[in-house]
Amino acid sequence: MVSSNDPVLSDYSTFVSHFKQMFSRPGLEASAEEALCDIQQGSQDVLQYITRFRQLAAETTWVERTLVTLFRRGLKEEIKDDLVHSTRAEELRGLMDQALSIEYRLQERRSEKKRSRGFSQPSSSRACLQRSEEPRTPARDIEGEPMQVDTTRGPLSASEREDRRKRGLCLYCGSAGHMLRTCPVRPPRPSGNAISRPL
């Protein structure tokens, strides 16, 4: 126990030194230093590696440059390969951020490759080209008049026309409850017997 007159209480640095002697585990720093020299990411993800590295680094008094070197050395090869294309980080936090970012991009790319394996690229691009090369004929209503078509959408394809007929939808606007002849959106057609004469 420490008495109230003990010199340990009058000087902060003496207090800290005494505190460390009382509560520190002998050899902890030495074992942390050894572990940092040998640490490898292995099968861990970068975040797990960072967590373990920080735990060990907190037990040492090593300077930032040494920690940066050891952290970089322990990363997986694929991450180190990608780090070559980045500006060299001088601080540990910056290097850790770069490693996390690289790992995230690599995981995204792996997922993209897995998704694309299920699709045959050449055949899908051929089908796309074939669709775009098909000649389009203007859609006509029941009486043979070209349908009025929204210019942003284009005329209905044969399959869209058939689908609307099956579902009882208007061929002009696609709504239910009326047919092409009675479509409230369709502009009025000029009557056949109305002749326009110049004035």
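For the helix labels I use DSSP runs: helices are H or I stretches of at least four residues, strands are E stretches of at least two, and both are numbered from the N terminus. This is a predicted model, so I keep in mind that local features need pLDDT of at least 70, side-chain atom pairs count only at pLDDT 80 or more, and totals for chains, interfaces and linings use all residues. Residues are numbered from 1 along each chain as its sequence is written, and side-chain values use heavy atoms, with hydrogens and water left out.

Entry one. I looked up the salt bridges (a side-chain nitrogen of Lys or Arg within 4 Å of a carboxyl oxygen of Asp or Glu) and found six in the structure.

Entry two, helix α8. R167 and D163 form one of them, at 3.0 Å from N to O. Both are in helix α8 (residues 158–167), four residues apart, so about one helical turn separates them. For exposure I take buried as under 20% relative accessible area, exposed as over 50%, and partly exposed as in between (1.4 Å probe, protein chains only). R167 is exposed at 56%, while D163 is partly exposed at 35%.

Entry three, helix α5. E77 pairs with K80 at 3.1 Å, N to O. They are three residues apart in helix α5 (residues 77–83), again about one helical turn. E77 comes out exposed at 53%, and K80 partly exposed at 22%.

Which residue does R110 meet in a salt bridge? I find E78, at 2.7 Å from N to O. R110 belongs to helix α6 (residues 92–117) and E78 to helix α5, so this pair ties together parts 32 residues apart in sequence. R110 is partly exposed at 38%, and E78 is partly exposed at 35%.
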